[in-house]
Amino acid sequence: MKTITFYSYKGGVGRSLALVNIATRLVEFGKKVCVIDFDLEAPGLHLKFPVSKNNINKGIVDYVYEFSNKGILSNKIKDYSIDINVSKNGKPLSLITAGDTNSPSYWKKLSAINWYDLIYENPNGLAFFLKLKEAVETEIKPDFLLIDSRTGISEMSGITLSLLADKIVIIAANNKENLGGANRIIKSLNDPSNNILGKVPNINFVLSRIPFTDKPEDRAKEMLLINRIKREYLHPHITDINVIHSDRELEEVEKVKIAYEKDESNTQISIDYLKLFERLTQEDLSENEIRRFKNIRESERLIALANNSENFHNKIDYINKAIALNKSNVDLYVYRAGIFYELEEYDESIADTRIALKINENHLPALNLYISNLINKEEFKEAEIKANDYLKLKPKDLNALVKKVIIFTKTKRYSEAEFISSQIIDIDPEFSTGYSCRANIRRVLKNFDAAFADVYRALELNSENLQAIATLAELYAETGNFNEFYIHLENVIKMNSDYIRRVIKEEEIYSNFLEDPRFLNLLSKYGIYLD
C-alpha cells in the first residue's frame, strides 16, 4: 500500500480537489483506493465525492475520540468507511470521512481531543496511528491510501506527513504566506531529527492558482516565476515544480477534470492534473496497466460512437472493436446481445449473454436478457430455471416475475400464471402490467367478469398498456361484442403494429377471424398481411 498525503499550509489552494482527481484516475486504472479526510476543522471530501450525507454516521474523528478519550481501540476501521463508485469500470473507492459534521456531537468530540497529549504524552499515541494505517491495509486492502491533511503546522499535520506518508504533495498558491509556510514544512521534513521513523518521504511541490495564457511572453513570465520560487523557497530540497493553473469553471462548480491525453481537446488544468498523476505514479504503474487503461479509454470512445449510430450493423462493428480492446467488460457483451435481440438474432444474443454470465454469473441485466432470449426460442424449461435463479438474487423483481407469468402461460400452466400475477399485484398494486397479465390469464380461463375488472384497472393505471388494450379487445371478442373488439384492436394496431402481428400468431382467439373480411381489411389498412 502506497500512502500519499496532500498538504497545504493554507486552505483554498485546490488541495482536496487535486486529491479527488488523483484518486479518481487511480480507480479508473483498476486500483483499490482508500481516502481519509484529516482536514478535521474544515472537512470537504464528502462534498467532492458522490456521497449522500445520510450515509455518513461516523468517521475518523469518532475513531480517534474512542481511543484518546475512552481508551478504546476500535476493532474495525472498515466500519468507519463508505464505499462509493467514482468510475463505472473501477472498484469502489473507500472513503473515511472526518465524520458527521452536521451533528453537534462531531464538534464536541473534535474539541475534546487533546492532540498534544495523544501524540506526545500518551505512550501508545504514535503506535495508535501506525495501527490505524495497518488496519486500513489489512481490512480495506487498498493499493493506495490518500490522505487529505490538516492545514497549517499542527500535531495532526505532522502525523499525516512524517508518520503516515510515503509520498507528500505540498500545494501552495503564489503568495508569501503560502510559500513561506511550505518552505518551513519542507525544511522540517528533510531534517532527519524530525522524522519519527527515520526516513524522509518523497516530496512533490505543486504551485496552484496560476493564470494560464497561450501568449509566449506570459509563458516566459511563468517560467521566471517558477525559477524564482525554486531559488527562494525550495532550494536545495525540491528541484521540480508541478503547476496547476486556475480554471474559471472550477470556481463555479468543483468537479473531476483530469485529462486522458495531453492534447488540445483538454483544458490546461485537466492536463496539469494528468501531469501530476504521472509524476506520483511513475514507479507504481506497469506498462501493461497503462496499456490496459488506454485500451479501456479507446473502448469507451467506440461505445460512444455506437451509441450515436442509428445503424444496427455499425453499432455492432463498433462494439466488436470495443470488446477486442476490453474483453473482460461484461457490459459490452450485454450491449451487443441487446442489439442482436432487437434484430431477432436470438442465437447470437444467447451466445453473448452466456459469455457475460461466465464473466459474472450474477450479472442481472445479462441474466434478464438471457431469459428473454430463451422465451423467444421457446426453451421454456431452461427459461424457468434461469428466472428462478434471477429471483433468488432479487426476489421481488417485477420484470422477472412477469417473465415467469409468460413462461407459465406459454406452457398452459394457467393456475400458476394467475398466482404469480396476483403476487406481482401484491408487491406493487400500482403496477399496470400485473393486472393486464392476470386479465389475460382470466380471459383464457373464461373468468370474464374478473378479467374485465383487471383490464380496466390496468388501463386506469396506464392507458397505453398494449397488453391491456389487446386483452380488452380479446375479451369483447370472447363475449360476442365484435364492434368493441374491432375498435380496440385498431387502437392496438395504431400504437404498435409489430405487437399485434405477434399476438395474432400466439393467441387462439384470432383463429376465429382469419377468414373474416372485416378483420383482414383492417389488417391490410395498416399494411399487415398474414402468411
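This is a short tour of a predicted model, stop by stop.

**Before you start**

Residues are numbered from 1 along each chain as its sequence is written, and side-chain values use heavy atoms, with hydrogens and water left out. Because the model is predicted, local features need pLDDT of at least 70 and side-chain atom pairs count only at pLDDT 80 or more, while totals for chains, interfaces and linings use all residues. Helices (H or I, at least four residues) and strands (E, at least two) are DSSP runs, numbered from the N terminus.

**Stop 1: strand 1**

Select residues 2-7, which form strand 1. Five of its six residues are buried. Buried means under 20% relative accessible area, exposed means over 50%, and partly exposed lies in between (1.4 Å probe, protein chains only).

Which strands pair with strand 1? Strand 5 runs parallel to strand 1, and five bridges join them. Strand 6 also pairs with strand 1 in the parallel sense, over four bridges. Two strands pair if DSSP finds at least two bridges between them. Pick Lys-2 and look across to Phe-144 in strand 5. Then pick Tyr-7; its bridge partner in strand 6 is Ile-170.

**Stop 2: the largest nonpolar core**

Select Phe-6, Val-35, Phe-49, Leu-93 and Leu-146. Of the 41 residues in the largest nonpolar core, these touch the most other members. A nonpolar core is a set of buried Ala, Val, Leu, Ile, Met, Phe, Trp, Tyr and Cys residues joined through side-chain atoms within 4.5 Å. Which element supplies the largest share of this core? Helix 1 does, with eight residues. Among the elements that each supply at least two residues are strand 2 (33-37), strand 5 (144-148) and helix 11 (268-281).

Now stay on Phe-6. Leaving aside neighbours within four places in sequence, the contacts of Phe-6 include Ala-18, Leu-19, Ile-22, Leu-146, Val-169 and Leu-280. Contact means heavy atoms within 4.5 Å. In soluble globular proteins, nonpolar side chains tend to be buried together.

**Stop 3: Asp-62**

Go to helix 3 (residues 60-70) and select Asp-62. Is Asp-62 buried or exposed? Asp-62 counts as buried because its relative accessibility is 11%. A polar contact of 2.8 Å joins its side chain to that of Lys-109. A polar contact is a pair of N or O atoms within 3.5 Å; within protein, one must be able to donate a hydrogen and the other to accept it, and residues adjacent in sequence count only if both atoms are side-chain atoms. Turn to Gly-59 next: its backbone nitrogen lies 2.8 Å from a polar atom of the Asp-62 side chain. Tyr-80, Ala-98 and Gly-99 are also among the contacts of Asp-62, leaving aside neighbours within four places in sequence.

**Stop 4**

Select strand 7 (residues 202-210). Seven of its nine residues are buried, so strand 7 is largely enclosed by the rest of the structure. Strand 6 pairs with strand 7 in the parallel sense over seven bridges. Find Ile-170 again; its bridge partner in strand 7 is Phe-205.

Move on to strand 8 (residues 241-245), which pairs with strand 7 in the parallel sense over five bridges. Val-206 has Asn-242 as its bridge partner in strand 8, and Ser-208 has Ile-244. Between strand 7 and strand 8 the chain passes through helix 9 (residues 216-234), in a right-handed β-α-β crossover. Right-handed means that, with the strands pointing away from the viewer, the path from the first strand over the helix to the second runs clockwise.

Show the side chains of strand 8. Ile-241, Val-243 and His-245 point one way, Asn-242 and Ile-244 point the other way, and all are buried.

**Stop 5: Ile-339**

Select Ile-339 in helix 14 (residues 330-342). Ile-339 counts as buried because its relative accessibility is 2%. Ile-339 and Phe-312 are 27 residues apart in sequence and 7.0 Å apart in space, C-alpha to C-alpha. Ile-339 also touches Lys-315, Ile-316 and Ile-319, not counting residues up to four places away in sequence.

**Stop 6: helix 24**

Finish with residues 497-506, helix 24, whose buried residues are Tyr-499, Ile-500, Val-503 and Ile-504. They lie on the same side of helix 24 because they cover an arc of only 130° around the axis. That arc is taken from the directions from the helix axis to the C-beta atoms. The buried residues pack against helix 22 (466-478), helix 23 (482-495) and helix 25 (517-525). Which exposed residues sit on the face turned away? They are Asp-498 and Lys-505.
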